[in-house]
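Me: I would like to go through this structure with you, starting with its pocket and then moving on to the ligand. Could you take my questions one at a time?

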Amino acid sequence: MKYIIAIIQPHRTEEVLEALYKADIHLVTVSEVLGHGRQKGLTEVYRGHREMGALLHKIKVEIAVNDAFVKPALEAIEHAGHTGNVGDGKVFVLDLKECVRIRTGERGSKAIG
Ligand SMILES: Nc1ncnc2c1ncn2[C@@H]1O[C@H](COP(=O)(O)OP(=O)(O)OP(=O)(O)O)[C@@H](O)[C@H]1O
Ligand SMILES: [Mg+2]
């Protein structure tokens, strides 16, 4: 099992979620976050506005998946999140040791999807 954390541009959120749904990935957590990458947030054009300042608005998408879904998830995020501009974001893939569905007590792969 893996835990995928993607930081994406807010204006790509719908496309990324749609691509994940098409890859049969429906269980996600989405948060609004602040961050900066290697440009340190100094200048980044977003919908024509040049934002100044240290922290930029980003969307964090978190997905816990069985191993078979790692590749499709990454492809969906990379494809749908890509504009080619700085700030497109990053994806982190972590080993996931356990998952528990609280309602049923199921664990591991059974609990994840
Ligand atoms: N190493 C990191 N650790 C934690 N968060 C990160 C890291 N790199 C990027 N992020 C998060 O991802 C967001 C988008 O990063 P961004 O795409 O700007 O990365 P980058 O390395 O600067 O690449 P690029 O040159 O394409 O802009 C950042 O605002 C930050 O929230
Ligand atoms: Mg950057």
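Me: Which strands each supply at least two residues of the lining of the largest pocket?
Reply: In this predicted model, they are strand S2 (29-35), strand S5 (56-65) and S6.

Me: And how much space lies in the largest pocket?
Reply: The largest pocket holds about 410 Å³ of space. It is lined by 18 residues, and those closest to its centre are His36, Gly37, Gly87, Gly89 and Lys90.

Me: How does that lining divide into nonpolar, polar and charged residues?
Reply: Six of the lining residues are nonpolar, seven are polar and five are charged.

Me: Changing topic: where does ligand 1 sit?
Reply: Ligand 1 sits in the largest pocket.

Me: Which residues come nearest to ligand 1?
Reply: There are 13 residues around ligand 1, and Arg38, Gln39, Gly87, Gly89 and Lys90 come nearest. By type, the shell comprises three nonpolar, six polar and four charged residues.

Me: What supplies the largest share of that shell?
Reply: Strand S6 (residues 89-95) does, with three residues.

Me: What about the backbone of Gly87: how far is a polar atom there from an oxygen atom of ligand 1?
Reply: For Gly87 the distance is 2.7 Å. A backbone N or O atom of Gly89 also lies 2.7 Å from an oxygen atom of the ligand, and for a backbone N or O atom of Gly35 the separation is 3.4 Å.

Me: Then how much of the accessible area of ligand 1 does the protein cover?
Reply: On its own, ligand 1 has 610 Å² of accessible area, and the protein covers 71% of it.

Key:
Residues are numbered from 1 along each chain as its sequence is written. Chains are lettered from A and ligands numbered from 1 in the order in which they are written. This is a predicted model: local features need pLDDT of at least 70, side-chain atom pairs count only at pLDDT 80 or more; totals for chains, interfaces and linings use all residues. Side-chain values use heavy atoms; hydrogens and water are left out. A residue is near a molecule or strand if one of its heavy atoms lies within 4 Å of it. A polar contact is a pair of N or O atoms within 3.5 Å; within protein, one must be able to donate a hydrogen and the other to accept it, and residues adjacent in sequence count only if both atoms are side-chain atoms. Accessible areas come from the Shrake-Rupley method with a 1.4 Å probe; for residues, only the protein chains shown count as cover. On a 1 Å grid over the protein atoms alone, a cavity is a set of points where a 1.4 Å probe fits but cannot get out, and a pocket is an open set with protein on both sides within 12 Å along at least five of seven lines; lining residues have an atom within 4 Å of a point. A molecule sits in a cavity or pocket if more than half of its atoms lie within 2 Å of its grid points. Helices (H or I, at least four residues) and strands (E, at least two) are DSSP runs, numbered from the N terminus. Ala, Val, Leu, Ile, Met, Phe, Trp, Tyr, Cys and Pro count as nonpolar, Asp, Glu, Lys and Arg as charged, and the others, Gly among them, as polar. Grid points are joined across faces, edges and corners, and a volume is the space filled by probe spheres set on the points.
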